[in-house]
Amino acid sequence: MANPNPLRHLLLRWPSNAADLCSTRVCNTGINHWRSRYSTATPESFAQDEKPGEKNDTNWFTLPPYTDTVNGAALGKEIAGRWSESRKDAIKDSKTQESATDVASTTALKWILRCCPELPRSLVQKLFRLRQVGKASYMAPQVTAKDSMNLGDRIFLPVTVKEVPVEKKELHCNGEEVNFIRSLELYKDPAIIVVNKPPGMPVQGGIGIKTSLDELAITCLSYDCSESPRLVHRLDRDCSGILVMGRTQISATVLHSIFREKTFGASGNETANEKRVLERRYWALVIGSPRHPKGLVSAPLGKVVVDNGKSERITVVNNSQSLSSQHAVTKYKVIGSSSQGYTWLELSPLTGRKHQLRVHCAEVLGTPIVGDYKYGWQAHRNLKPLSLSNVESQHEELPKRKNLPFGINMHNGSISEKHPRLHLHCKQMVLPNITQVLQNLGQYSDYDLSQLESLKLDAPMPSYMERSWNITNS
């Protein structure tokens, strides 16, 4: 009878020193010596059936031997409590262990990308199409992208005939800048690192963006880990608060799967008062007050193009509209109100859609977030700055302090100023202890996830939001 615990099928074999999640990386041996992009050799270079280990070894580059690891995506689903019943049934119907482990098999394509993250996926696929990938067990370059890897298999790739400079972007930061980024850390363990993202700093690079947090993390937050931190979720540029990154590929894959399953689950019939493995709570200052002190917003969101195609915005989509939409669910409750017409809300997104909280507040609750000129510009037209209390007046010089590195300013922008900044902050988060589960899976393949502990994180608000809090509560 098949093992009823699906985790036994997620774990194939784990390295003996799995506790050190940052040091046991397949790309740590040999890969760092291969830093260039790769130009493909001609098919004729393989015409003489030269095998690795023979007279022309210089024509081949050898990857580390394959070591079975955890299927991160499947493990994330199991942690999120979304293990597919159909997959369970398929495993139960399997008569052999091999058919069960096929669920978590690693292909030759995935192994190459895991060992060589600098290689473009399109280039690796081209190498497979030109039959320029070898595998020791075959002793010939006859490997397809979908071939499964077995323990100890070694992949051979052609050495480039013309090196091209690496385009990997790594920022060079001075001591002050490194210390600033590291001062944002809220939590760090071998699997994840959590920072309090400052407002105004983009999470990812793009057109017109010189500095982004994901690039700064490579330079400032890698520490002694052979891999660079990876994003597993996003925050808007002007939003602040808790941002989680995986320190290894496996931990990032697990966390990304958990965040994705959170959205998938809430899009179904699982929005009731059930215990959730992942919880995020944002604090927002809004203009006006919702009709009810707490509630659940369930409104689909869609994208529309405005300004003759120059920009786009998210909006609530009605059934009568022909726009494609995504289901979006948000819990809210009032945590503070003031006589000046402002309300503090705690917002818990049960799905992770773009601009979800901002649109739900503005279009559904009728209370746009302070500083959100994209979705609440009409409410801001008649908004006037509040007068400072006696306590605040004693600190009028505070917003004039020198900007932080990278042009970050966390002081200006409260409701006492003419143009307040976005008052949306990811204040609290509860998520599974990924390090605990990975370390225990290394010792016990039937580890009980009910024993999994949670991490509870809390991020202080930026100074301008703290000042607005004091003003509305004075």
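Tyr223 lies in the loop between helix 8 (213-220) and strand 6 (230-231); helices (H or I, at least four residues) and strands (E, at least two) are DSSP runs, numbered from the N terminus. The model is predicted, so that local features need pLDDT of at least 70 and side-chain atom pairs count only at pLDDT 80 or more, while totals for chains, interfaces and linings use all residues. Residues are numbered from 1 along each chain as its sequence is written, and side-chain values use heavy atoms, with hydrogens and water left out.

Most residues other than glycine have a negative phi. Tyr223, although not a glycine, has a positive phi of about 55°. Its relative accessible area is 31%, which makes Tyr223 partly exposed (buried means under 20% relative accessible area, exposed over 50%, partly exposed in between; 1.4 Å probe, protein chains only). Phe406, in the loop between helix 12 (390-393) and strand 14 (424-432), likewise has a positive phi, near 65°. Phe406 is partly exposed, with a relative accessible area of 26%.

Strand 5 (residues 192-197) is mostly covered, with 6 of its 6 residues buried. Ile192, Val194 and Asn196 point one way from the strand, and Ile193, Val195 and Lys197 the other way. Strand 5 pairs with strand 4 (residues 185-188) in the antiparallel sense over 3 bridges, pairing being assigned if DSSP finds at least two bridges between two strands. These two strands form a hairpin with 3 residues between them. Strand 5 also runs antiparallel to strand 7 (residues 240-246), joined by 6 bridges. Val194 is the bridge partner of Tyr187 and stands opposite Val244 in strand 7.
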